[in-house]
Amino acid sequence: MKRRPFGGWLLSLTRFAVKDHVKQRLGWSTSVRVTYGLERGRGASVPREALEGAVRGLPGVLTAELDERTLVLGVEYLPGTARPTQIHAAIERAGYEITTKPDLRRSKRDLVTGAERLDAITEAGARPPLTDAVTLHRLMTEVSAFMDTFPDPMRRAVRMWMEDEPFDAIAM
């Protein structure tokens, strides 16, 4: 079996990207768990249930649990549906102040498209696969035009890589 550099790289990249994009668009994305450090608002004695209910009432929020001893609120939500700004606003409306915001950085393979769930969008129809093929063709045309500006040995190596030549052939 020959090792194909470009094909292997592209397959490994698209295997995750396509699955993640489809999951996000269908609302099947993995939930995110975050914690907020809170403080009760001045003069406010809002019951725990009111805060939890306010946050849980947001679309895409799966759970919200306040540890009254430490005033740490744990929230689990779907990132394609619920937005951190909405969660922050719900917490503040409930009479609490956020002292420690959660770390919302994503991993390198997260797409972070911000796409809404498909059932939340009124689309005239499904996008045909041909649209993706045309888009990919246009992208490859732009990449090829950019590659034409490379020095000749580099251009040949990249073209061989894209044509799935084995590593040994590219190294020569």
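View 1. Helices (H or I, at least four residues) and strands (E, at least two) are DSSP runs, numbered from the N terminus. Starting at the N terminus, the order of elements is α-β-α-β-β-α-β-α-α-α. This is a predicted model, where local features need pLDDT of at least 70 and side-chain atom pairs count only at pLDDT 80 or more, while totals for chains, interfaces and linings use all residues. Residues are numbered from 1 along each chain as its sequence is written, and side-chain values use heavy atoms, leaving out hydrogens and water. Of the 172 residues, 26% count as buried; buried means under 20% relative accessible area, exposed over 50%, and partly exposed in between (1.4 Å probe, protein chains only).

**View 2. The largest nonpolar core and its 21 residues.** Such a core is a set of buried Ala, Val, Leu, Ile, Met, Phe, Trp, Tyr and Cys residues joined through side-chain atoms within 4.5 Å. Look for Val55, Leu73 and Ile91, which touch the most other members. Two or more residues each come from β1 (32-40), α2 (48-56), β2 (61-67), β3 (72-77), α3 and β4 (96-100). Isoleucine 91 has contacts (heavy atoms within 4.5 Å) that include Leu38, Leu51, Val55 and Leu73, with residues up to four places away in sequence not counted.

**View 3. Isoleucine 87 in helix α3 (residues 84-93).** Here the relative accessible area is 0%, so isoleucine 87 is buried. Leaving aside residues up to four places away in sequence, isoleucine 87 touches Tyr36, Val55, Leu58, Val61, Val75 and Tyr77. Glycine 57 is 30 residues from isoleucine 87 along the chain, and their C-alpha atoms are separated by 9.9 Å.

**View 4. A nonpolar surface patch of Leu136, Leu139 and Val143.** Together they have about 250 Å² of accessible area, calculated by the Shrake-Rupley method with a 1.4 Å probe, where for residues only the protein chains shown count as cover. Patch members have over 30% relative accessible area and no salt bridge; nonpolar side chains (Val, Leu, Ile, Met, Phe, Trp, Tyr) are joined within 5 Å, and like charges within 9 Å. A salt bridge is a side-chain nitrogen of Lys or Arg within 4 Å of a carboxyl oxygen of Asp or Glu. Valine 143 sits in helix α4 (residues 129-147).

**View 5. Positive phi at leucine 71 and aspartate 164.** Most residues other than glycine have a negative phi. Leucine 71, in the loop between β2 and β3, has a phi near 55°. Aspartate 164, in the loop between α5 (152-162) and α6 (167-171), has a phi of about 65°.
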